[in-house]
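Hi,

Here is the structure I said I'd pass on. Have a look first, and my notes follow below.

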Amino acid sequence: MTKDAAHRMPEREWRWTLGSGGSTILLAAVAALLPIIEWAPRGGLVGWLLFLAGGLEMMFGWKRGLDAVGKTAVGAGALTVLAGLLFVANPLAHYFPVANVVMAWLLLRGAWVLVMVPRVRGARLRPWLAIGGVADVLLGVGLLLGLQITTFVVTLFGPTREIVAQFALILAASFLVTGVAQVAIALAERRQSRTAREMPKMRP
């Protein structure tokens, strides 16, 4: 492999990562608007959001060539796609099945990312992955702790706007943290790519 080709590979990586992160942030905005888009969100819309977010993350990981960061992204993306497909196959699923699967997805995805973080070599990349893993675990625990109260309220009144908004914000927060982490990784790799191109020029 020539030096020019070696320099172009990181550049392609950070561009794919930046696109994936930006697109995931847009999905976070859509998730935050769930109470407006669909008053009582059923499985269909949530499923497609998860499917798209997972697909983007898998693409981001695959384009990296499956290094430690890539394997982390592919595994996390696969879990997200699987959760999405469960809802796409059952688009009329009501609030509790949706909330329970999303809770399990958050906990599993966060645990997977945290297990993989120590294997990542780049010191600039590791913290961003860790932030995403911790955020998902905390969001999953928060959803779990709120289920008892939510069950009581939904049994009496159905899924109120406040409950739907809370669920939407949890889903949006996960997408947002993932997207911001990917953008941060892309920017770090862009700096690395520029440094690699400038190194030969600095030599006498």
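This is a predicted model: local features need pLDDT of at least 70, side-chain atom pairs count only at pLDDT 80 or more; totals for chains, interfaces and linings use all residues.

The chain has seven helices and zero strands (DSSP runs, numbered from the N terminus: H or I of at least four residues for helices, E of at least two for strands). Residues are numbered from 1 along each chain, and side-chain values use heavy atoms, leaving out hydrogens and water.

Of the 204 residues, 43% are buried (under 20% relative accessible area; exposed is over 50%, partly exposed in between, with a 1.4 Å probe and protein chains only).

The largest nonpolar core has 25 residues (buried Ala, Val, Leu, Ile, Met, Phe, Trp, Tyr and Cys joined through side-chain atoms within 4.5 Å). Helices α1, α3, α4, α5, α6 and α7 each give at least two residues to this core. Val102, among those with the most contacts inside it, touches residues including Val46, Leu50 and Phe167 (contact means heavy atoms within 4.5 Å). A second, separate core has eleven residues, Val69 and Leu129 among them.

There are also two aromatic pairs (Phe, Tyr or six-membered Trp rings with centres within 6.5 Å; planes under 30 degrees apart are stacked, over 60 edge-to-face, the rest tilted). Trp48 and Phe51 sit 5.6 Å apart with planes at 85°, so they are edge-to-face. Trp105 and Phe175 are edge-to-face too, at 6.2 Å and 65°. That pair links α5 and α7, so it ties together parts 70 residues apart in sequence.

Cheers

Note on methods. Lists of a residue's contacts leave out its neighbours within four places in sequence.
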